[in-house]
Each structure stands twice: as C-alpha cells, then as structure tokens.
Amino acid sequence: MKLLINIDVDDLEKGIAFYQSAFGLSLRRRLFDGTVAEMTGASSSVYLLSKPSGSSASPQVSLPRDYRRHWTPVHLDFEVEDIEAAVHRALSAGAKLEGDIQTFPWGRIAKMSDPFGNGFCILEFTGAGYDNVA
C-alpha cells in the first residue's frame, strides 16, 4: 500500500512556498488544471489541494472549510535530525509554534501549525526512539 498525503490550502502558491521552505519539499508537478501541487522529498508524496475558504468538504459535511487554526484527530509528524533548526525553518516559512519544545524519553517534539490552520508536529528521536518506551 502506498500512502498519499492531501492538504487543503486556500492559496496554492503560498502552500507550495511554505512546504518548500519549511520542509525542503520540491514541486514535482501541477495537476488538475493547476489546482493541485504534487510535492516530493518525503517518504510519501504530499498533494496540496486548492480549496477555497467557505467551500464544502463533502455533501455530508455541513461545516464549510475554514483556514483559521482548527483541531483534527489526524495530523502530520515530520521526523528530523535537528529539531531547533527544523522549528526555525518552519517559523521562518510562516508556521506557528504552539508551546515549548518538549523532551521525553523517546526524543523531542514541537507542536506547530501551518499558515492554513493545519496542526503538525516536528519530532527528533533520540536513542531507540519509541522503542525506548515500548
């Protein structure tokens, strides 16, 4: 099975610039008349989908898309070698840090959000990572 990651953005060019600057992803190609940007450079392809604010996610969802900070039970974690450098890059690209970088037996975590209100975490594993707590 191959995992594809889709992220809704209300400004495709801003989304491309953010994910390039923050995480070093590269624009591979544009699809669907330029409304989707395929980004590569991670273990899975990331597709940025141009979806206007206020549009419906599906006929069964009554809430319109809203790009203010929102909570969702699904989010992305980016594993990095140097958390301070990665957080700095993300902040410089327009992300927000949502609290201090925390340290645990498995490593360190920074909870953040992108310019489109999507939450994500930056992780730096130490030693055996999650195996330290298994």
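1. In this predicted model, two strands, β1 (5-9) and β9 (119-125), each contribute at least two residues to the lining of the largest pocket. Of these, β1 gives the largest share of that lining, with 4 residues.

2. The volume of the largest pocket comes to about 540 Å³. A total of 21 residues line the largest pocket, and those closest to its centre are Asn-6, Asp-8, His-70, Thr-72 and Asn-118.

3. How does the lining of the largest pocket divide by class? It holds 11 nonpolar residues, alongside 6 polar and 4 charged ones.

4. For the second largest pocket, the computed volume is about 330 Å³. Its lining is made up of 17 residues, with Ala-42, Ser-43, Asp-77, Phe-78 and Glu-79 the closest to the centre.

5. Which elements give two or more residues to the lining of the second largest pocket? They are the helices α1 (12-23) and α2 (83-93), together with the strand β5 (76-79). The element that gives the most is β5, with 4 residues.

6. By class, the lining of the second largest pocket consists of 11 nonpolar, 3 polar and 3 charged residues.

7. On the strand contributions, the entries to check against the model are β1, with 4 residues in the lining of the largest pocket, and β5, with 4 residues in the lining of the second largest pocket.

Key:
Residues numbered from 1 in each chain as written. Predicted model: local features only at pLDDT ≥ 70, side-chain atom pairs only at ≥ 80, totals over all residues. Heavy atoms only, no water. 1 Å grid on protein atoms, 1.4 Å probe; cavity = no way out; pocket = protein on both sides within 12 Å on 5 of 7 lines; lining within 4 Å. Points joined across faces, edges and corners; volume = space filled by probe spheres on them. Nonpolar A, V, L, I, M, F, W, Y, C, P; charged D, E, K, R; others polar.
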